[in-house]
Amino acid sequence: MTLAVRTAAWWARLPSSRLPAAPLCLPPWLPAACGRPYSSSGKEKLDISTYPVESIRNFSIIAHVDHGKSTLADRLLEITGTIAKTDRNKQVLDKLQVERERGITVKAQSASLFYSHEGVNYLLNLIDTPGHVDFSYEVSRSLSACQGVILVVDANEGIQAQTVANFYLAFEAQLAIIPVINKIDLKNADPERVEKQIEKLFDIPIHECVRISAKQGTNVEKVLQKVIEKIPPPQCNTADPLKALVFDSTFDHYRGVIANIALFGGEIQKGHKIVSAHTKKRYEVNEVGILTPNEQPTHKLYAGQVGYLVAGMKEVTEAQIGDTLFLYKQPVEPLPGFKSAKPMVFAGMYPVDQTEYNNLKSALERLTLNDSSVTVHRDSSLALGAGWRLGFLGLLHMEVFNQRLEQEYNTSVILTAPTVPYKAVLSSAKLIKEYGKAEITIINPAQFPDKLSVSEYLEPTVLGTIVTPQEYIGKIIVLCQDRRAVQKDMLYIDEHRVMLKYLFPLNEIVVDFYDALKSLSSGYASFDYEDAGYQAADLIKMDILLNGNPVEELATIIHNDKAYATGKFLCERLKDAIPRQLFEIAIQAAIGKKIIARETLKAYRKNVVAKCYGGDITRRMKLLKRQAEGKKLMRKIGNVEVPRDAFIRVLKRQTDK
Amino acid sequence: GAPCPQWPYCRKRCSYCNFNKYVVPAVNEAAMRACLVREARTLLRLSQVQSVTSVFFGGGTPSLASPRTMAAVLEAIAGAAHLPAGAEVTLEANPSSASPPRLNGFRVAGINRLSIGVQVRGALSRPVPAAPPVSPPATVLPSQSLDDTELQLLGREHTAAQARGAVEAARRLFPGRTSIDLIFGLPGQSQGAWARGLEAALELCDDHVSLYQLTLERGTALAAQVWGGTLPAPPQDLLADMYQTACTMLVAAGFRHYEVSNFARKGALSTHNLSYWRAEQYIGVGPGAHGRFVPWGEGGCSREARVQTLEPDAWMQEVQSRGHGTRRRVVLSPLEQLEEVLALGLRTDEGVTHERWGHFSPHLSLEAVFGAPGEAAELQQQGWLVLDGGGLRCRREGLALLDSLLPGLLCQLQRG
């Protein structure tokens, strides 16, 4: 999270807790010992030593998309006086433009809340998590700083695929789970049915569910009380040596890396010399504090607390997620590592114009500073010049990344067709020697080794969970079979809803599966997936040709069974996406030298404006100049000009026929 | 210098027209006349044009104005600059305001060329029919503007018979100097119907024909119907066929295809319109009129793009208070001037001559810009374009595709 991205709207919306004496932000129950935490200097540090481990709760809210996670977070921030109560608090923790536009959370945020319950002052650390299947890795790393979760389920929609996935993440991490049924104010709300689903699927007794309306604030207080009662305080001791887990990091242009940390032991303050267990690098702490949700410096952070740290780290890679920090000369056993972010989707990214390479490079560097889950490898191609091959967590992640690049850095790029990480087991001794190993991972179709030198190709698979009203089961089963998926489980979670589990080849769901599922179920079915290893597959590389010249962006590795249909489909779509030109264009799909599909785009025969007299000229010239500008941005394949977004359009709108 | 006074009023709105025009119950013609006269004088003085090569009364529907107005404007022009006796003075006329006595009145007032037709902007239409005919006209009637069903579709008020009568009367009064506008690509129109209509028009016409593919303009009733699906959009290939057929027929009938949409025989080219395509100076007079000239008279030394205030009453007030109603003045950079020279010149059969290019670009020749390897060379190789001793111009096949050629040529020009 860069400060640059904290938009004006964000500051305007929140009477910032860092600004002097914003009375609405003053938690009135702050103990006298901490004096005036938001003193007029605005820089004076908060003392949070008065919060012993027993009065700390670290928790997260997890939910299916749109079930009200961000709204509940807004209410919790309001009730605890962390932010002013106004009706403008919407998605307060979602700071990115793309998050607000799409109503999703991409980047985890944290906020420390002060709350008094039965005479005890509590420090509640809310660790917000991303809410999309692509970001399940980010969810897991946020959860590792928690002892419990609030599991929010929509009273109308009931349990959805992501609810299931999130539940298991929390369950496996052995966290306390507080089920909350949200949106009980809605007309069609059926909390009883949802409670039964929760009991059946998660084995949580009905009476443990809290019925709330986050929008109206109903019962939200009760949720806070449950957090205090049900979630155990962190198990750790300030007297122990420092042991801090890095669970997120952001980049600030002035101060460098800001690491979000959870203290599993000891304490930390300015001046401490610390060491990264992963890099062994040494740093001096410049600043520690809590997030409210803006940074609020404190004198110290103590065991069990969650906050941030600035220590002169220049790159986000120095504050790797899952890393453990300890005091210089007081090493500790590092905390068990996280799963490292594993990209599921790869795509080439190239500047539209090679002279933009350096600008794009610096934009990429800055953006990846905040999104360590994107992997970046330099890449170059004959057709596209110098660029990169990027790895993303999923297609949404890729779109979000691209959108941020455009919105925050004002750059435009060529993205190639997304591909998943295939593997090939090599049989050719020469190739094995060349690669230094027998099994290689292919993240770029250009590197697809020929069948003759391969004993077996492997493709990644995922275990997908689908939750749907029963009336769509038939169509969904057909869709899954069409995607080469194998059914693993089918369970009625109540009289009307079914949970299906399928083993999918990853490439079959990467681009458009979710959209297809949504459209055939009128939006009712939900989907989530988890990694399920590799399986053998009959793979081939398919090229798309325009007048005989391969379109590098569209080269794809696909399953042999899908080649003809996909080739035909891509050709048809491309025909619609490319404007007519001065000559005929043959659009072909080819496997090796064999053409498997063809479409023909006829030449323009007439394209000239009829009238161009005195009064028409200004308007005419404006249009022509815009077209000339547009022409400079076109991608040229042979002599064919293709609009920059044509390929993405071709790939994205793929709908099942 | 080529003044083009605009008469902004129409009696009704045509379904395809998006020009700056006004349908008002009563026009204060005397005031309008005084203002046109005054603005013509002011702008001619500003331009310091010595000799006027042509005058074009456009609109609106200028044939609704009285001959007195034309006479007064012409008198003002002749008073401010030299107006040679043979200078082309065109009036856009509408069949329903083109009775023989009226036309004679215009002739007496000094008009010596007439442009009649469907394309007279925003002429006398009736309100657009609620459910216009979707199927092509069943009966075979003569030319585009001469077919009642099609006239109705275009929202025109006059009938085919009226149009024919007007053309015949005009030819008697302005022999060799009557132009007709024809339009093709109407929703539902077939290739056969168009060819037959054109044949009939050829029998009727004089020595100048303007041939327009119907352009659907945003904000017009016709466009709304086509885009809304009430009327069918003609297929691209059919439009290309219609254009080609028409060009072939007109050339066979002795016409020179001298601009994308204009044809003339016996040398009856429109001097005035050529001045646009040759990027000469022209002076827009009247509400919403556009001009291109160097305002030497007020110390300017660069060519400017000028637009007069659109709304007639506001324009009149401005003219009354400061002599002219110029709303926008934009100095055209040397590159912008060349872009216009190129984009407009290539619309003509003579293309952009070396001489004209040199006039706007004394230091960088046509060859220097377009002779080097690049877009122009490629387009030449593909047979759309020619660069030779005459200049840079489109081949016949290229002319129909000019809008696909221009963006690339503009890129090359910008680099050069």
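Reader: What area is buried between chain A and chain B, and how much of it do carbon and sulfur atoms give?

Author: Bear in mind that this is a predicted model. On the contact side, 29 residues of chain A touch 49 residues of chain B. Carbon and sulfur atoms give 54% of the area buried between the two chains, and that area is about 3,500 Å².

Reader: How many salt bridges does the rule find across the interface of chain A and chain B?

Author: One pair to look at is A:R580 with B:D237, with N to O at 3.6 Å. Across the interface of chain A and chain B, the count comes to seven salt bridges.

Reader: Which helix of chain A gives the most to the side that touches chain B?

Author: The residues on that side of chain A divide into 11 nonpolar, five polar and 13 charged. With 12 residues, the top contributor is helix α15 (residues 617–632).

Reader: How many residues apart in sequence are the parts that B:E259 and B:R347 tie together?

Author: Their side chains meet in a salt bridge at 2.7 Å, N to O. B:E259 is buried at 1% relative accessibility, and B:R347 is buried at 1% too. B:E259 sits in strand β7 and B:R347 in the loop between α11 and β13, so the parts they tie together are 88 residues apart.

Reader: Is A:D252 buried or exposed?

Author: A:D252 pairs with A:R255 in a salt bridge, with the closest N and O atoms 4.0 Å apart. A:R255 is partly exposed at 24%. A:D252 has a relative accessible area of 1%, so this residue is buried.

Conventions:
Residues numbered from 1 in each chain as written. Chains lettered and ligands numbered in written order. Predicted model: local features only at pLDDT ≥ 70, side-chain atom pairs only at ≥ 80, totals over all residues. Heavy atoms only, no water. Contact = heavy atoms within 4.5 Å. Buried area = accessible area lost by both parts, 1.4 Å probe. Helix = DSSP H or I, 4+ residues; strand = E, 2+ residues; numbered from the N terminus. Nonpolar A, V, L, I, M, F, W, Y, C, P; charged D, E, K, R; others polar. Buried < 20%, exposed > 50% of the residue type's maximum accessible area, 1.4 Å probe, protein only.
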